[in-house]
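Please consult the sequence and the structure shown below while reading.

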Amino acid sequence: MSGRAHPLPQVVSAYLLPLVLRSRHPAFLRTDPNGYVVEHGGALAHYGIHDLQPGQPASAQISLLTGFLPHHGEPLHLSAVHTESGACADLHVFVDGENTWVVLLDTTSEHDQKQAMQQKGNELSLRSERQGLMLDTYLGKSVAESLMAGRWQRGGERREVTVLFVDIRGFTPYSEDHSPEEVFRTLNQYLPVMIEPIEAHGGLIEHIAGDAVMGIFGIGESDKRTAAAKAVIAGLHVQRAVRALHARRAAQGLSCLGVGIGIASGPAAVGIVGTYDRRGFAAIGHHVNLASRLQGQARAFELVIDEPTHSLWQEARQRDAMNEDFSDVLIDERQVALKGFRDVLRTFVITVATSSLPAAFSGAERF
Amino acid sequence: MIQKKLCMLGAFAVGKTSLVRRYVHSMFTDKYLTTVGVKIDKKDVQHAGKTASLLLWDLYGEDEFQRLQTSYLRGSAGLLIVADGTRPATVDKAIELRDRALSALGPLPYLLILNKSDLLSEWEVRPERIDELSRSGWEILRASAKTGEGVEDAFSTITARMLGDGR
Ligand SMILES: Nc1nc2c(ncn2[C@@H]2O[C@H](COP(=O)(O)OP(=O)(O)OP(=O)(O)O)[C@@H](O)[C@H]2O)c(=O)[nH]1
Ligand SMILES: [Mg+2]
């Protein structure tokens, strides 16, 4: 039952206040209505502010106040002002009768956390902007222009594509056991390693959701064999990059999380959705779901691929002499039963070895 | 000494921080580190025989999660609005930010910097678009924080406007 919230009892707020304030390095400045310093105190030095002269204009002595004093009207609050000492502060300016108060509170740790999140968000937005420009070339200017006019693109196209899903194993429990900063740092190390090989092999990132990435091959490619082969090779490169990342993380005493990959090929409806500045493309179809389900079957360092992908890839290998190195790779068949699929599915599991190939792999096809 | 506040405005990752770094510290880095909140830099400038202290407010770039709060702009004497020649949407953002800034602050000198001129072959902002903006009254300068091209020029042009002469 939720009743009306009681105000915080005086004794509780009196207990909390000094506790909260101590970590915040509060500093203050009192000026007259013209912005001349009357009194100052608190941790001004923490923000690199020294030797304030009473009776002088505050903004001539503290340059970040230029333009803010004298202050009239509503209280002013600026967050994350980088001060001369390097500390980040929230700046408050408010009027109380004849006095104008300027208050600084340290918000460095909030800033750092927000910075890490914003950084990731901006990098992803830049990536999707770049993809938007790439799509203009793939799908023709007419599509781009109708989007420019702000119209929604409803029509799609049927394409033979290869869909790749990659996701970090055990990320949810990991994120529950670690601080948000640590989780973001880890994600920022893994995501590039998962995304870059996909893009480098001509795949488009359809979406990124938390610790999972979906890529599509075959949008700008007329040949479905090449698309399937590029998807598989991209998947191998993702696993190798994760292996290299683990070596670095292990050296720093950080825990290592593997990634699993699922790949499926077949027809899908692809099209652009959204408006000009927030558009992306979407692929919809049975094989998209299948790739996601196969990804769920993949253990760390595994690619689970469906039969059509395997055949297309093999055909491409026979047709084009691809000089890809497979010496660290094993391939095996695995029957999987997926919920919602009537029959047991024949899949191929490609495993990228993390060290020298263990004996347990004997019997598997080796390249 | 006279102090003048100049705000850097623009979409995220257009190069606001890089332009200030180039102008104040003659440095550039390819690594992107987004700005949260505001960083203030100072530079003394000479103009028409006078020295003024320029306070450069390098603000966070706007995106859908953090809208620019116009209270940061209070007391500005000018605006340097930055767009990225390789990203057409950043020009739309520049126009929007100018409109919001001017309606909060009243008339104020401003310039548009089209940054990343070193990547001219990858520019997606077309010459027709630039002409159209000039015709509608924008003063536009091309610059590159990476090579330094046009940077000094952009800052001294806006300084001249802020110190009250020029046009
Ligand atoms: N090639 C090239 N890259 C540039 C130039 N200016 C900036 N960059 C790069 O563009 C990216 C963004 O630059 P920033 O200066 O951080 O951009 P910003 O506008 O301050 O970004 P926010 O703080 O996120 O709003 C960085 O990777 C820079 O290295 C330029 O003139 N040429
Ligand atoms: Mg910046």
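## Salt bridges

Across all chains, this predicted model holds 25 salt bridges. Side chains of opposite charge can pair when their charged atoms come close.

In chain A, A:Arg225 forms a salt bridge with A:Glu315, and their closest N and O atoms are 2.5 Å apart. A:Arg225 lies in helix H7 (residues 224–251) of chain A and A:Glu315 in helix H9 (residues 307–319) of chain A, so this pair ties together parts that are 90 residues apart in sequence. A:Arg225 is partly exposed, with a relative accessible area of 28%, and A:Glu315 is also partly exposed, at 35%. Both residues belong to a network of salt bridges that links A:Asp223, A:Arg225, A:Glu315, A:Arg319 and A:Asp320.

## Salt bridges with buried residues

Another salt bridge in chain A joins A:Arg169 and A:Asp167, whose closest N and O atoms are 3.1 Å apart. A:Asp167 counts as buried because its relative accessibility is 16%, which is under the 20% limit.

In chain B, B:Asp84 forms a salt bridge with B:Arg87, with 3.5 Å between the closest N and O atoms. B:Asp84 is buried, with a relative accessible area of 1%; B:Arg87 is buried as well, at 8%.

B:Thr17 is partly exposed, with a relative accessible area of 27%, while B:Thr35 is buried, at 11%.

## The site of ligand 1

Ligand 1 is surrounded by 23 residues, the closest being B:Ser18, B:Thr29, B:Tyr32, B:Thr34 and B:Asp118. These surrounding residues come from chains A and B, so the site is shared between chains. H1(B) provides the largest share of the shell, 3 residues. By class, the shell has 7 nonpolar, 10 polar and 6 charged residues.

Several polar atoms of chain B lie by oxygen atoms of ligand 1. An N or O atom in the side chain of B:Thr17 is 2.8 Å from an oxygen atom of the ligand. Polar backbone atoms are found at 2.9 Å in the case of B:Ala13 and at 2.8 Å in the case of B:Asp30. Taken alone, ligand 1 exposes 650 Å², of which the protein buries 94%.

Technical notes:
Residues are numbered from 1 along each chain as its sequence is written. Chains are lettered from A and ligands numbered from 1 in the order in which they are written. This is a predicted model: local features need pLDDT of at least 70, side-chain atom pairs count only at pLDDT 80 or more; totals for chains, interfaces and linings use all residues. Side-chain values use heavy atoms; hydrogens and water are left out. Buried means under 20% relative accessible area, exposed over 50%, partly exposed in between (1.4 Å probe, protein chains only). A residue is near a molecule or strand if one of its heavy atoms lies within 4 Å of it. A polar contact is a pair of N or O atoms within 3.5 Å; within protein, one must be able to donate a hydrogen and the other to accept it, and residues adjacent in sequence count only if both atoms are side-chain atoms. Accessible areas come from the Shrake-Rupley method with a 1.4 Å probe; for residues, only the protein chains shown count as cover. Helices (H or I, at least four residues) and strands (E, at least two) are DSSP runs, numbered from the N terminus. Ala, Val, Leu, Ile, Met, Phe, Trp, Tyr, Cys and Pro count as nonpolar, Asp, Glu, Lys and Arg as charged, and the others, Gly among them, as polar. A salt bridge is a side-chain nitrogen of Lys or Arg within 4 Å of a carboxyl oxygen of Asp or Glu.
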